[in-house]
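Me: Please show me the model, and then take me through how to read a few of its features.

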Amino acid sequence: MKLFLYCILFFVLLSYQETNAQVYFKTEYITSSSYRGEKEDNLHAKGNLKVIQGGFRVPLSLKMDENKRPTVWAIGCSGAHATMDNKKLPKELCPSKMLNLQFGLIHSRPLNAKWSMLATVGAGLYMDNDNLSKASWNNVLGQGGVIFIRHLRPNLDLGAGVALSNTFGFPMILPAFYLTWNLEGRYDVKVSFVDAIRVSAGMHLNKYLKLSLIAEMNGILALTEKDGKDMYFTQQYVIVGLQPEITIAKSLSLAATAGITPVRSAFYSKRSLKELFSDDDESDPYFKLGFYCSLGLTWKF
C-alpha cells in the first residue's frame, strides 16, 4: 500500500496533463468497518470515511503541432476534505478530519514525433484537521517533476523522469514513472499510472450511457507532528466496483460507483525515506472490508 503513497507525493499534479479546461466534483463514502491495529485494545474499534473533493484545470495557452500533439501551459487546483466517524479509536491513531489543498503549473510539449515532455511544479497543504488557522509550514509540501514520454503507439504512452519533493523535510530527487494505455470503441479498456493507479473495462450501451468495471487505488494524506517528530498520516484504499457513466450533455458527465474497498490502510509514519521503502506493510494498521459508493460530476469546456 505504500506504493500508492509514492503516487500521492509525486504525481498529484499530473492529473492535470490533459489539454481541455475541466471542472470536477466528487463525493465518496466507505461504510464503517473494523479496525486492526498493533494493540489488542484496538480490536473493537471501527470507522468509516467520507470524502468530498473538487478541482479545476485551465489551459493558459495551447498550440498543436503537425502530429496533433499539444504544447500547453496550464494551471490546476484541487481540494479534498475527509471526515472519519471513528468508534473506540483514539485520535492519536486516526484523526477525525483531514484537508488537502493543491495548486500547480503544468507544461507539456512534443519533442519530436515519438517523444514528449511533461513538467509540473506546485505546492500543497496537507492537514490532519480542517482548521486553516492551525496550518503551518510543516503542513506544506512542494512538488515538481519532469517526465519524458515515449509514444509507443497511438494508444500507448510510457515515460520516466525525476520528481522533486520536500516530503522528508528536505528537497529530494526520486524517480518518476508514467503509463497510459487505452483501447477504445464500443468496448474499451484503460490502464493509467499517472496520479494514481486505475484500471477499467467498459461497454458503451448507447451514446449516453457507459458501464464499466473499475479497480483503483486512492487516498488522502496529512503532514503533521507527533511526539515532537515530523510525521505523515495517510488513508489509502483500494476500490473495486461497477461504474455507470451518463453523458448529460456534450461536455457534462455524471459517474456513480458502487462496490467494495477490500482494505483501507490508516497509519502514521515518520517522514523518512527509510520508512517509505520499508518492507513492513503487513504490520501497518488498517480497516477491514467495507462497502464503497461515490458520485462525481465532470464539466469539460
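**Reading the features**

Reply: Four aromatic pairs are counted here, where rings of Phe, Tyr and Trp (its six-membered ring) pair if their centres lie within 6.5 Å, with planes under 30 degrees apart counted as stacked, over 60 as edge-to-face and the rest as tilted. This is a predicted model, in which local features need pLDDT of at least 70 and side-chain atom pairs count only at pLDDT 80 or more, while totals for chains, interfaces and linings use all residues. Residues are numbered from 1 along each chain as its sequence is written, and side-chain values use heavy atoms, with hydrogens and water left out.

Me: Which charged end sits over the ring of Phe-287?

Reply: A charge sits over a ring if NZ of Lys or CZ of Arg is within 6 Å of the ring centre and within 35 degrees of the ring normal. At Phe-287 the charged end is that of Arg-264, 4.0 Å from the ring centre. Lys-226 lies over the face of Tyr-268, 4.2 Å from that ring's centre.

Me: Is Asn-86 buried or exposed?

Reply: Buried means under 20% relative accessible area, exposed over 50%, partly exposed in between (1.4 Å probe, protein chains only). Asn-86 has 17% relative accessibility and therefore counts as buried.

Me: Which residues does Asn-86 touch?

Reply: Contact means heavy atoms within 4.5 Å. Not counting residues up to four places away in sequence, Asn-86 touches Lys-46, Gly-47, Asn-48, Cys-94, Pro-95, Ser-96 and Phe-287.
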